[in-house]
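Trainee: Let's go through the labels on this model. I want the cut-off behind each one.

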Amino acid sequence: MNQAFTDIHKVSNFFSPQKVILGQDSVKKVGEEAKALGARKALIVTDPGIVSAGYAKIVEEALQAAKIGVGIFDRVVPEPPARCVDEGVQMIREGKYDLVIGLGGGSSLDIAKGAAIMAKNAGNIVDYAGIDKVPKGGLPKILIPTTAGTGSETTRSLVVTDEKNIKRSVASSFGIADVAILDPLLTLSMPPKVTANTGMDALTHAIESYVSATTTPFAEILTLEAIRLIAYNLPLAYSKGSNLTARYNMLLAASIAGLGFASSRLGIVHGLAYVIDTEYHLPHGRANAIMLPHVMNFNKTGNLLKFARIAEAMGEKVEGLSLYEAAQRSVEAVKNLLDAVQISCKLSQYGVSREHLPKLVEGGMNQARLFIPNPRDVTPEDLKSIYENAF
């Protein structure tokens, strides 16, 4: 099934870091990259686990070798609240830092972005939730992922949780990294469960961006390749964490999936998953994984051809099948991948009961911003049906 972008009259944008460095030991280039950005004093934004793993020390030493002062903000927590940004900004201003380095998973990278933005803007980061609402640029930033999932290092978006426990997304060109450094060696220590969760997060980004009603030719090309890479390499990385080739390919896939949805938009998998990960304290990638096949099954009639292409990219044999049958194979391919990395897509396995259904639907409706790019129109009854199928 040949790839072709048909809406030639649509104006499309492509957003990306100024520079992306990929390869083993590339993290050691952070000092020269910081120097090239004119930095004199850099703040590493990370979490305690990354410090304990010794990764912050590697970055710190590379910066010191380039004669750049270093501080560490290591108070990032999973599914970070907006106050993490405020705490980071306070340290930036008190220490007079002129460069922010995000090091870690998506939470650390998002807080680094937020802190860099708010160092030069007034108010609170949630004041700028939405698209292109940040009035001016912040500090320069280098983003270094240690997981292969969120793709935050290549996107212009960041997500925090507000005081009402609602996920708030800020999308701005001022959130784009000046430099992204992708070193697969930093992902080797991910345990199998984290590998699975983050890998499925990347797959969700790729699939949602690919089928989005607001997709672009750039996003289509990048995300279809990300789907192919993840389908082949995630089971390998999950089964043998020291498989450097699989780790390299997963890091590449997560980053190009990020580039894809930076130029497109996500859909209701994320909307429904946000409710689960905030209300039931599941990792974001796991919540996406749970909802992905159920939403795909609902969405597939919105673009049968693209779902058939997803199936093909994931290694399914679609020759001789009807378009509907081929599209259905994409759902089965995702379920098979979930089985391979031992993730259940049943809410009942995570302590969520049918009694919670009204709360889930209400929370899903609060994510209406994600309904617009979804390939199929959505009603409250549709959300209820999707959630019911997930039990």
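Mentor: Ground rules come before the labels. This is a predicted model, where local features need pLDDT of at least 70, side-chain atom pairs count only at pLDDT 80 or more, and totals for chains, interfaces and linings use all residues. Residues are numbered from 1 along each chain as its sequence is written, and side-chain values use heavy atoms, with hydrogens and water left out.

Trainee: Why is Phe-14 called partly exposed?

Mentor: Its relative accessible area is 39%. Buried means under 20%, exposed over 50%, partly exposed in between (1.4 Å probe, protein chains only). So Phe-14 is partly exposed.

Trainee: What makes Phe-14 and Phe-218 a tilted pair?

Mentor: Their ring centres are 5.3 Å apart and their planes are at 45 degrees. Rings of Phe, Tyr and Trp (its six-membered ring) pair if their centres lie within 6.5 Å; planes under 30 degrees apart are stacked, over 60 edge-to-face, the rest tilted. So the pair is tilted. The count by this rule is 1 aromatic pair.

Trainee: Which parts of the chain does the pair link?

Mentor: Distant ones: Phe-14 lies in the segment before strand 1 (19-22), Phe-218 in helix 7 (residues 217-239), 204 residues apart. Helices (H or I, at least four residues) and strands (E, at least two) are DSSP runs, numbered from the N terminus.

Trainee: How do you know that Arg-156 lies over the face of Phe-15?

Mentor: Arg-156 is 4.2 Å from the ring centre. The rule wants NZ of Lys or CZ of Arg within 6 Å of the ring centre and within 35 degrees of the ring normal. Arg-156 counts as lying over the face.
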